[in-house]
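This report goes through one structure step by step, beginning with the parts of a chain and ending with the contact between chains. Please keep the sequence and the model in view while reading.

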Amino acid sequence: MTTISDPPKQQFRLSMLLYDTRYRSATIQVLAMFFFMLLAAWLISNTVQNLANLGKPISFGFFSDPSSYDINQRLLEYTSRDSHLRAALIGLLNTLVVAVLGCITATVIGVLVGVLRLSNNWLVARIMTFYVEMFRNIPVLLWIVFAMAILIESLPSPRDFRGDTPSATMDLFDTVAVTNRGVYIPEPLFSRSLGDVHLLGDSSLRFDVSLDLIAILVVLGCSIYAMRKVSARANRIQEQTGERPTIWYIELGILCVPMLILLVILGFHLGYPALKGFNFSGGIHLRNSLIALWLALSLYTAAFIAEIVRGGILAVSKGQSEAAAALGLRPGKIMRLVILPQALRMIIPPMISNYLNLTKNSSLAIAVGYMDITGTLGGITMNQTGRELECVLLLMLVYLTISLCISGVMNWYNKRVKLVER
Amino acid sequence: MSDTHAETVTFVRDTMLPEKEPPLSTVGAIGWVRDNLFSGVLNSILTILSLGFIYYVLSGILPWVFQSVWNADSLTECREIMVATWGDTHGHACWGVIKDRWLQLFYGFYPPYPAHPDANFGSAPDGHWWPAYFRPNLALILLIGAMIPVLFSGAPRKLLYLTAAYPFILPWLLWGGSVWVPLMVAAGFAIGYFAYVLVDRSMSSLMATIAAVLLAILWWVFAVGPVSGALHSILNIGIAPVQSREFGGYMLAIILGVVAIGCSLPLGILMALGRQSDLFIVKTLCVGFIEFIRGVPLITLLFVASLLLNYFLPPGTNFDLILRVMIMMTLFAAAYMAEVIRGGLAALPKGQYEGADSLGLNYWQAQRLIIMPQALKISIPGIVNTFIGIFKDTTLVSIIGLFDVIGLASAIRADTAWNGIYWELFAFIGALFFVVCFSMSRYSMYLERKLRTGHR
Amino acid sequence: MKKTVFFGAVTVASLAAGAAAAGTLDDVKARGTLNCGVSTGLAGFSAPDANGEWKGFDVAVCRALAAAVLNDPSAVEFVPTTGKTRFTALASGEIDVLARNTTWTFSRDVDLKFEFIGVNYYDGQGFLVPKELGVSSAKELDGATVCIQTGTTTELNLADFFRSNNISYEPVPVETNAEGQQQYLAGACDSYTTDASGLAATRASFEDPSAHVILPEIISKEPLGPLVRHGDNDWGDVVRWTLNALIAAEEYGVTSTNLSELASGTDNPEINRLLGVEGGLGEMLGLDNEWAQRAIAAEGNYGEIFAKNIGETTPIGLARGLNAQWTDGGLLYAPPFR
């Protein structure tokens, strides 16, 4: 016997595609897909036809041609005889450098300002509010141009260091030169260097790995591993006996002694910048364009991060800080041990989008002539080859990949923090 | 008992003592200073450092701003006046450039009297009773009028008609031309609406939606041009047209921001709904679009507008750069708007959705009558923040050669008279942006506070 | 009067889809305005003044062209283009002619499918250095920091020059001439390099021009000229011969002041043909016979345009040099009008 609740078996009718909710969603989706495909096909056919009319079929062959332009800031070895692909790679690295530097400083400044905005000191809190409002409400492009102008106009040029009575002198016991072409800082050098390993032969993606750096990293890794062991043993002893052995000097020794020995073996010394010819030479040259971009981006983003941090701190219930105060913690420790860890949960998601914004805003490097990927691939290469379609699409793809990587990593971190919390 | 008690106590006060003044050191200016500025060693150090910092900054900026030259026609003249007055050219602003070019910085090359393209700002042509830059100024005033009922709940509801009409008034006022074109474009919406109502009665709402959209699009693409042309030849009502490449300056930033936000609102709502829906393909398309746009910098989208959009459109199609930039800015804003509105949707309690279902409302009815009014209301602060972001990002159009304020600043610097000037221009532009963005962000904070009390 | 601009542009765009583009000359005549691509601002060559009026050497060429084709030197829409957008704007038909100090190179002519219709300014890349640096030749610039405008051929020339001379340098790319000037003056670069005309213009605007020298080396050939799209030869001819008319007018002594007098007929058949008194050259171009008169009347002949915008009496202060007529030892050599 069939139950009464069983619906009568229905024949499928065409109108059910519209009226029956079970089928209607399928109809809508098929329609949406159809229109999307139609749109895509229309765009692609237009593009193909336009390119055919212009006689410029899509091709990435230009990538292997010599770029014939120079890039001032290059993390890998590069000359104007290298290919456009290598120029794009150099640009990509420059983008990443400024993005990573910017994110770090923006976080530090942002957290500091966010905390100080809640300071008891009226004046400090007002100054911080002023800073946040100034930076949030003026376009970042203007700040970048402004930062560059300030650097160029207010710092001495290398010419001022010359002569018997120079109008400018080097700072920090003659080790750092601050000029309007950039800042020259001492560089680490090795007189008994282990040399480099060349990877990927002669291709455009070739790069050198310094064996010195690898050796330092290996030793550092081993030291940290040993330190962990020591501190784990200390924990065990503490658990068994209730008394923790003093181990800080052992840890310090493990950390420093092997490193010092290694550095002596490698013949570590610092190379100082010195005025030679037109410019300072020697040392690491942090160019103006990098500093201006870095400064403007991190100050701009820090203003947003400060607001996020402030909001996160205010969102932690007052009972938490009162309880912590009742336990006898000092204000600094309350902030560090009780409030910030809890605020972190609120802070991290909007922080991710600010890191993304900073990375995307780094494409404004073009305004100060910093050769990031927009400046190389989306700038000179595009200009000289006339391959706008390929260059712009590739440029978007690169940024999209960077964005997805950042949000992937940060989301993973967010999840981890959440798990630890609960 | 009570008697004995009374006797044991020698004195009972039966009146209150007058309140004493708090100690001088805790009230008034001194108390405030002690509490807020010098409450501890660290705080005192911070205060002194801050005071020093403020003095340092102000002592640099104030003389520059106020010991300045206003009346000069070129930088050389400025420098001569500076040398004559203060003896050196350092540390004095030359505001002459702003005085000389402020109209250009505000309006770009927009003709002050569009019917008389050669008339200058200073010389109103004969028979003109309205002031220079009448059209953009009126558009701005109407914009404020149209925004008020949306932004402030206490405003007269009648203004909402202005809000509805504004999208058609704005382009007509700015670009000019025949009055029939915006009217016919508006008619497209009416046609779509009637199509929806008619088809909805006879067939399903899905069919009705499709029919409405299709009919409206067909109308816009094929009928608006000829029909408005015909009407125009019958009854010639129109104002002088202005090419969009004459737009520029701060006006361009406002137009781009307003258009991008205005057009992206419906798009953003649709995409937010698409992202929330359980239709897999629709959801994937929406998520893909939103994440793509949010993953690339605006400058690459502007490159697309300036370099690639012509490749994507049929051969021979060509419309000017400002329109293309508006399209890309709209798409860009729509992705961010979708996220803001999605936040608003997510913040609604589930009961609202279930309540709508239990009333037997269909999807669109539920959205229109129950969900969207609430979701949009809580999204307004987010929308305003998105607007601030877009508004600031309009400065990027200078990189692709449009003359917004920054582009104009470069052009002014290229002029032989002002070659070599920059701080004054930057300061002026920064102040322009600061005023608008700051007041909008204050508004959005006020709204957030208001909404918060509404919920608790 | 064009009825619609905004909505019209949208609808027309969709309507015009697929419609085969007619000749540019017909388009321009039908439109009633000439769309001319110029740079976003280069003193003396093209920059808007306080009234939004475009002025300059390149601008004058566009005005002459508009006068020749449309009988109205003000019927020009100036489309500012950057180094990046200029070629796309031309290729896509957004502009009819690009007059933006663009160097005539093989790849632009052949690979990018453009047609350079002549040279209106013979330029070359030079170096500007402060006198106090004590440099007298570009080859002494080993290790120097050099400011350079990106997106131009000068970047490639610079790399080639230093490479072939086997000396090192540090490029500082800047986006606009104004920024290059700012950096150079502040000493953020030792030398500023761009086209020699640009250097002269930049130097002229300094507080103390005499403290700076332009080095003798000219490291590249930069023939700058207007260009049009490949394949529309009728339009190319109009632009080419308008430019030639300006140059020829100077050679034959036709100026904007004596134009009306000469137009009534002279003993020189070449002038008569140029001014349309005899021959009928204009009709061959698809214009009327007075086209060259109007072109010359717009801003004067080549020499007058030069003198007015960038000549020695202007703040830019450029000498004619290579840009003198061939009869004066320069390179300007208009083919015969016959």
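## Domains of chain C

The centres of domain 1 of chain C and domain 2 of chain C, taken over C-alpha atoms, are separated by 30 Å. This is a predicted model. In the assignment used here, domain 1 of chain C is made of residues 23–122 + 224–328, while domain 2 of chain C covers 125–220. Across the boundary, 14 residues of domain 1 of chain C are in contact with 11 residues of domain 2 of chain C. On the side of domain 1 of chain C that touches domain 2 of chain C there are 7 nonpolar, 6 polar and 1 charged residues.

## A sheet in chain C

Chain C contains an open sheet of 5 strands in the order β10-β9-β11-β8-β12, and its pairing is mixed. Which strands are at the edges? They are β10 (169–174) and β12 (212–214) of chain C, each of which pairs on one side only. On average, neighbouring strands of this sheet are turned by 25° against each other, direction ignored.

One pair in the sheet can be followed residue by residue. Strand β9 (residues 144–149) of chain C pairs with strand β11 (residues 191–195) of chain C in the parallel sense, over 3 bridges. Within this pair, C:C147 has C:Y192 in β11(C) as its bridge partner.

Helices also belong to this picture. Helix α6 (residues 153–164) of chain C lies across β8 (125–130), β9, β10 and β11 of chain C and runs at about 155° to β9(C). Helix α7 (residues 177–185) of chain C packs on the sheet as well, touching β8, β9, β10 and β11 of chain C, and its direction makes about 160° with that of β9(C).

## Chains A and C in numbers

For chain A the radius of gyration is 29 Å, whereas a compact globule of 422 residues would have one near 22 Å.

## A sheet in chain A

In chain A, an open sheet of 3 strands has the order β1-β2-β9, with antiparallel pairing. Why is one side of β1 and of β9 of chain A left without a neighbour in the sheet? β1 (177–179) and β9 (284–287) of chain A stand at the edges with a single partner strand each, so one side of each has no neighbour there. From one strand to the next, the twist averages 15°.

Strand β2 (residues 182–185) of chain A is joined to β9(A) by 4 bridges, and the two run antiparallel. Here A:V183 has A:L286 in β9(A) as its bridge partner. Helix α8 (residues 288–315) of chain A lies across β2 and β9 of chain A, at about 55° to β9(A).

## Domains of chain B

Chain B is assigned domain 1 (23–64), domain 2 (101–176 + 239–455) and domain 3 (177–238). Taken over C-alpha atoms, the centres of domain 2 of chain B and domain 3 of chain B are 24 Å apart. In the contact between these two, 9 residues of domain 2 of chain B meet 7 residues of domain 3 of chain B. Helix α7 (residues 159–175) of chain B gives the most to the side of domain 2 of chain B that touches domain 3 of chain B, with 4 residues. The residues of that side of domain 2 of chain B are 7 nonpolar, 2 polar and no charged.

## Where chain B meets chain A

How many residues does each chain give to the contact between chain B and chain A? Chain B gives 44 residues and chain A gives 47 residues. On the side of chain B that touches chain A, the elements giving two or more residues are α3 (41–66), α9 (205–234), α11 (280–295), α12 (298–312) and α17 (423–455) of chain B. By class, this side of chain B has 32 nonpolar, 11 polar and 1 charged residues.

Terms used: Residues numbered from 1 in each chain as written. Chains lettered and ligands numbered in written order. Predicted model: local features only at pLDDT ≥ 70, side-chain atom pairs only at ≥ 80, totals over all residues. Nonpolar A, V, L, I, M, F, W, Y, C, P; charged D, E, K, R; others polar. Domains from an automatic or database assignment. Pairing = 2+ DSSP bridges. Axes fitted to C-alpha atoms, helices over the stretch in contact; angles between N-to-C directions. Rg over C-alpha atoms; globule rule 2.2 N^0.38 Å.
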